[in-house]
Amino acid sequence: MFETLLQKLQEDYFLTLETTPQHEPTMHNIIERIKKFKLQDKVDGFSCTDNPLAKLKYNALFASLKLQNEFAKPVIATMTMRDRNKIALQADLLGANEFDVRAILALTGDPAKMSDQPHSKGVFEANSLMLLKIIKSFNYGMDFAGRPFKIEPKQIYPFSVVNSYAKNFSSLERKMHQKVQNGSLGIISQPVFDIENAKKLLETFDKAKADVSGDKKKAQLIFGLFPITKLRTALFLSAQVPGIHVPQLWIDKLEAAHKISEDEEYKVGMQLSTDLYKEIRKFHPKIHLMTANRFDVANEVIS
């Protein structure tokens with residue numbers, strides 16, 4: 001399962017779809033909506049987020065297990081440094097390993113102050129590089145303290161993230177280099193919204209792994225895509241989310257459409273998003289689609 005996903009990432013078209021478990025003790029509704037659009041037949045795998053914005057949700061590891069069992073497709077389970085120290089991270093990796101939840105997206109995580117749980121405190125023992133190093137240790141048959149396991153864990157497949165835009169791309173290059181050096185097989189960007197930004201990011205990634213050796217050379221950049229169908233979403237992302245650049249062209253077109261009607265706004269946003277998806281597939285078809293569980297939108301973009 002995971003070997004096929006990695007082969008597609010390194011050699012072929014690659015498409016994964018993000019899912020966000022909800023504030024409820026079941027994955028049933030998400031699974032049924034995925035089935036409604038037969039998305040399990042249109043993507044190579046899924047991902048599950050881990051309490052994004054520090055809001056309480058269904059556990060990402062259990063959600064990944066449910067999706068894998070339901071669809072027989074690999075799932076990249078997100079783990080953040082916000083909620084666990086190195087003991088808890090390793091314990092979760094050990095338990096998940098037995099159930100074949102073995103593709104892990106390492107994130108530092110959103111600040112605990114954003115949480116909907118009063119007085120929550122973040123752990124943040126380190127950033128996501130620590131989790132990548134823990135996974136590397138596991139893949140060599142030992143824990144993070146260097147103690148060998150009596151039974152070696154099955155191979156774990158680490159992924160990581162990077163901003164899609166910066167005034168100085170050398171800072172992104174440095175971060176990507178560190179993540180590749182620490183074993184990240186795929187680096188998923190925050191959403192890109194124009195081809196020039198995507199090409200610049202890919203060029204930066206190629207520089208980041210120019211002097212790595214061995215299997216690290218196989219690491220791939222995966223473009224995050226987030227379809228925008230509302231003007232207010234474009235304005236929010238542009239003004240409030242660091243590391244993302246929404247072109248003025250998108251904002252202008254959505255603003256003009258917004259003045260006509262809600263349907264026109266959706267139509268224009270979907271056209272911009274679909275065109276971007278098609279253009280990126282022409283030169284670097286490694287895509288991670290994020291739709292905030294809008295599986296109707298995901299289906300429209302990729303169909």
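Q: About how much space lies in the second largest pocket?

A: Rolling a probe the size of a water molecule over the atoms shows where empty space is left. In this predicted model, the second largest pocket holds about 510 Å³ of space. A pocket here is an open set of points on a 1 Å grid over the protein atoms alone, where a 1.4 Å probe fits, with protein on both sides within 12 Å along at least five of seven lines; points are joined across faces, edges and corners, and the volume is the space filled by probe spheres set on them. Residues are numbered from 1 along each chain as its sequence is written, and side-chain values use heavy atoms, without hydrogens or water. Local features need pLDDT of at least 70 and side-chain atom pairs 80 or more, while totals for chains, interfaces and linings use all residues.

Q: Which residues of its lining lie nearest the centre of the second largest pocket?

A: Lining residues have an atom within 4 Å of a point. There are 21 of them in the second largest pocket, and N139, Q155, G183, L185 and D215 lie nearest its centre. Helix α5 supplies the largest share, four residues. By class, the lining has 10 nonpolar, six polar and five charged residues (Ala, Val, Leu, Ile, Met, Phe, Trp, Tyr, Cys and Pro are nonpolar; Asp, Glu, Lys and Arg charged; the others, Gly among them, polar).

Q: What is the volume of the largest pocket?

A: The largest pocket has a volume of about 1600 Å³. Its lining has 43 residues, with L53, L107, D110, Q190 and V241 closest to the centre. Elements giving two or more residues to this lining include β3 (75-80), β4 (103-107) and α8 (231-240). The lining divides into 20 nonpolar, 17 polar and six charged residues.

Q: In what order do the eight strands close into a barrel?

A: Strands (E, at least two residues) and helices (H or I, at least four) are DSSP runs numbered from the N terminus, and two strands pair if DSSP finds at least two bridges between them. Here the order is β1-β2-β3-β4-β5-β6-β7-β8, with parallel pairing. Between β1 (residues 14-19) and β2 (residues 45-48) there are four bridges. Within β2, F46 stands opposite L17, and S47 is the bridge partner of E18.

Q: Which way do the residues of β2 point?

A: G45 and S47 point one way, F46 and C48 the other, and all are buried (under 20% relative accessible area, with a 1.4 Å probe and protein chains only).

Q: Which residues of helix α10 are buried?

A: An α-helix has 3.6 residues a turn, so residues three or four places apart point the same way. Among the buried residues of α10 are E265, V268, L272, L276 and I280.

How values were computed
Buried < 20%, exposed > 50% of the residue type's maximum accessible area, 1.4 Å probe, protein only.
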